Amino acid sequence: MRRVRYYLLLTAGLLTAGHAFATDSWQQIKQEAHGQTVWFNAWGGDPAVNHYLDWVSGEVKRHYAVTLRVVPIADAADSVKRIKSEAAAGRTHNGSIDLLWVNGENFRSLKEANLLRTGWAETLPNWRYVDTQKPVREDFSVPVDGAESPWGSAQLTFIARRSETSAPPTSPEALLRYAQANPGTVTYPRPPDFTATAFLEQLLLALTPDPQLLKQPPDNSTFVAVTAPLWAYLDKLHPWLWRQGKDFPASPARMDTMLAQGTLRLSLTFNPMHARQKMASGELPDDSYSFGFKKGMIGNVHFVAIPANARATAGAQVVANFLLSPEAQLRKSDPTIWGDPSVLDPAKLEPALRATLASRLPQKSPPVLAEPHAAWVSALEQAWLHRYGTY
């Protein structure tokens, strides 16, 4: 019994010491962040996102004396090029980007080049609230290794209007029939738009005979066979699309406008709460609703990362930690503000917050399908452009 008691006391002591060390380390990070300016490159294609980040800027300034400068970008690939250029020029500690909203393909590119700070994400105090049942430790099948912090959930989602589509298509075959019955009113964005590529991946997952192959980088010897069903499907679908599939909207935002105007019957988004948010803002009609394929729609977690050559690494961690706070996550999940689903586990929150967060999770969503390996993004985009991009 004495040995057991001694062991329990020793374990408790080590845990307490570890907690104290972590607390001391975080206090040091906050002190270092005080007065820093954090340059945050983030997608700026949605006013709701931009307004939310304006609020974040005010909060981190007020609570942590961190100045957050949000740099709106159209494509994270441009930021990746800058980070690589700076590294090649020898800028190892004075980079122009401190925090980056990054997608899986660009994360893989930076991680493979050793251009990201690693091992920090799970040391953030607010990590304790994260729902680790979500894919927060891998990004497009690439291990995260603490190199990026989650801050939102996403799933490919269709949007329709009940006045026009009372029974939505819930499979690729049904979507083809729907397009044939409503010629010129269905389309998808032009790759390499992120949502467009996700749509191609969605179809490939559903149509290829061996979807397990998509968990690995594409193999030159099997690429043609694996993707053949996708191209055969698109060859059938394109003649029935808007402008006969010879032109494509530049973005999902453009599709939303075309849906609201009655030009299209369907829109696409990577946010299952998008329709609710756009109805609240008046940008989509009140009878808009979300749906997906019955067998599932691809989904992921989106992250922020810190470049290895960032100047304000402490400030970037403070901002990433705030983005994970219950306060920030609840506000972000509000459909009247942004409507981006949270990455927190409601069970880990206080009861009063738990009910609010649970009410803002997507309801009746289709199963979430894991995305293909990040290397499939470029491979599919290039193949699509070769086949359909020269009209």
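Contact, as I use the word, means heavy atoms within 4.5 Å.

**Entry 1: ground rules**

I am reading a predicted model, where local features need pLDDT of at least 70, side-chain atom pairs count only at pLDDT 80 or more, and totals for chains, interfaces and linings use all residues. Residues are numbered from 1 along each chain as its sequence is written, and side-chain values use heavy atoms, with hydrogens and water left out.

I looked up the confidence next. pLDDT is the predictor's confidence in each residue, from 0 to 100. The protein chain averages 91, and 94% of the residues score at least 70. Residues 1-21 stay under 50. For that stretch I found zero contacts beyond four places in sequence.

**Entry 2: Pro366**

What does Pro366 touch, leaving out residues up to four places away in sequence? I list Gln155, Gly292, Phe293, Gly296 and Met297. Pro366 sits in the loop between helix H12 (351-359) and strand S11 (368-370). Helices (H or I, at least four residues) and strands (E, at least two) are DSSP runs, numbered from the N terminus. I also checked Pro366 against Thr263: 103 residues apart in sequence, 27 Å apart in space, C-alpha to C-alpha.

**Entry 3: the S8-S7-S9 sheet**

I traced an open sheet of three strands, in the order S8-S7-S9, with antiparallel pairing. Two strands pair if DSSP finds at least two bridges between them. Strand S8 (267-269) and strand S9 (288-291) are the edges, each pairing on one side only. Neighbouring strands of this sheet are turned by 35 degrees against each other on average, direction ignored. Strand S7 (residues 157-161) runs antiparallel to S9 and is joined to S9 by four bridges. Arg161 stands opposite Ser288 in S9.

Helix H8 (residues 252-261) lies across S7 and S8, at about 145 degrees to S8. Axes are lines fitted to C-alpha atoms, for helices over the stretch in contact, and angles run from 0 to 180 degrees between N-to-C directions.

**Entry 4: S1 and S2**

Strand S1 (residues 37-43) and strand S2 (residues 67-73) run parallel, joined by seven bridges. I found Trp43 opposite Ile73 in S2. From S1 the chain passes through helix H2 (residues 47-64) to S2, a right-handed β-α-β crossover. Right-handed means that, with the strands pointing away from the viewer, the path from the first strand over the helix to the second runs clockwise.

**Entry 5: two helix pairs**

Helix H3 (residues 76-88) packs against helix H4 (residues 104-112) at about 10 degrees, axes 10 Å apart. H3 is therefore roughly parallel to H4. Angles under 35 degrees count as roughly parallel, over 145 as roughly antiparallel, 65 to 115 as roughly perpendicular and the rest as oblique. H3 brings Ala76, Ala77, Val80, Ile83 and Lys84, while H4 brings Asn106, Ser109 and Leu110. By class I get five nonpolar, two polar and one charged. Ala, Val, Leu, Ile, Met, Phe, Trp, Tyr, Cys and Pro count as nonpolar, Asp, Glu, Lys and Arg as charged, and the others, Gly among them, as polar.

How do helix H5 (residues 172-181) and helix H6 (residues 194-207) cross? Their axes come within 10 Å and cross at roughly 120 degrees, so H5 and H6 are oblique to each other. Pro172, Glu173 and Leu175 of H5 meet Phe199, Leu203, Ala206 and Leu207 of H6. That contact has six nonpolar, no polar and one charged residues.

A cis peptide bond joins Pro191 and Pro192, with omega about 15 degrees. Pro192 is in the loop between H5 and H6.
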